[in-house]
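Student: I have a model open and would like to check the terms used for it. Could we go through them together?

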Amino acid sequence: MSNTWWRDEDELAKEQSDLLEVPAEQSLLIKGPPGSGKTNLLLLRANQLFLGDHPNLYVVVFGSLLKNFIQIGGAQYKFPADKVVTHTSLFKMILRLESADFDDQNLSLEVARKRRADVLEELIEKGQVGAQFDALLLDEAQDYTPQEIRLLSQLTSVLVATADSRQRVYDVEDCSEELEKSVQIEHQLTYHFRNGRDICRVADGIYKGSPQYAPMLPHSNYPEADYPSKATPKDGLSLHDQITAMVAQIKDQRFAYPDDLIGVLAPRNAELDLIEQGLIDAGLGDLITRANASNRFEPSRRIWLSTLTAAKGLEFRAVHIAGLEYLSKMGRVQKRLIFTGVTRAKTALTCYWHESVPGYFESACRSVVETPKIVTRKSIFGN
């Protein structure tokens, strides 16, 4: 996990260090592309508040995987691990204190999430719950609903959030307007430092033609000379063949980047289960961990397996995304989901699929293929 968390102020670019000058009592929204340092800045801000006059705070995230990832960074800054919580556990904690919690075992995640928000809103409207925290700091805030943002802002004196609407992986109402209303200062980060140029080309290809999209390639400060980047599409492979190709590449990457994390991602858990078994059969069992399963997650291992959804907010030296023929079945979030997956990679990205992927993604992948396909007159007739 080398170079993931800043160790000294000199490592920050000016647009990043400027944020440390914002007064602690100001509510703040940090926007920026993947790899711009949003999560790191959020954690530094949390430590700044905690060490000052705002110790009653929480860093709030969506899932346990991102919680564990941020806790690793917090350990470097001596930030208390128990101050990093999921939004579900935060809401449940408040409801329990007010004897308003409920059994959600038989409810879907979406239904339980909405009900918690509704119950909390009733408590606030009745005057039973108010701004009980010094500060709440929300990572990946683009995935909250407008109602949740409104409630979170009413629970705290200071709200700090990071957001990038291109990485909204849940199919919920856009909360951008509510976020902007809930803060006093917006800070836009322009440059990013994580993704190599090939990976930027794939990411930009995903959103090609989107009027509001700001391309990543022109704003990349990735150290290409030190770690030349490479993005590789591998199509026409069965899942078994995808695993075989993946194993060979991972073994080489483990030699090249022994201290860095490698991410293995897939749209669905069904494929991830088979990939996990394939890696175990290939002798990599001692190196892998199922990152999206909190009861099986071992952060000291170097190969993390996760769904695309659970991997948001993470970063890896190399990323393998398999089972992408199921991308087209991911509904309205598919572009944001694959954009998020692609931009987890720093140096090496390999994407695997069997029969077909959405046209926009195949086109994005072809932008990094060194030898373009040759189309002959015979081939257009099927010969």
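This is a predicted model: local features need pLDDT of at least 70, side-chain atom pairs count only at pLDDT 80 or more; totals for chains, interfaces and linings use all residues.

Tutor: Gladly! Residues are numbered from 1 along each chain as its sequence is written, and side-chain values use heavy atoms, with hydrogens and water left out.

Student: What makes β4 and β5 a pair?

Tutor: Strands (DSSP runs of E, at least two residues) pair if DSSP finds at least two bridges between them. β4 and β5 (residues 156-163) have five bridges, in the parallel sense, so they meet the definition.

Student: Which bridges join β2 and β4?

Tutor: β2 (residues 57-61) pairs with β4 over four bridges, also parallel. Val 60 stands opposite Leu 138 there.

Student: Why is β4 called largely enclosed?

Tutor: Buried means under 20% relative accessible area with a 1.4 Å probe, protein chains only. Five of the six residues of β4 (133-138) are buried, so the rest of the structure largely encloses this strand.

Student: What makes the unit of β4, helix α6 and β5 right-handed?

Tutor: With the strands pointing away from the viewer, the path from the first strand over the helix to the second runs clockwise in a right-handed crossover. β4, α6 (residues 146-154; helices are DSSP runs of H or I, at least four residues) and β5 form such a β-α-β unit.

Notes: Buried means under 20% relative accessible area, exposed over 50%, partly exposed in between (1.4 Å probe, protein chains only).
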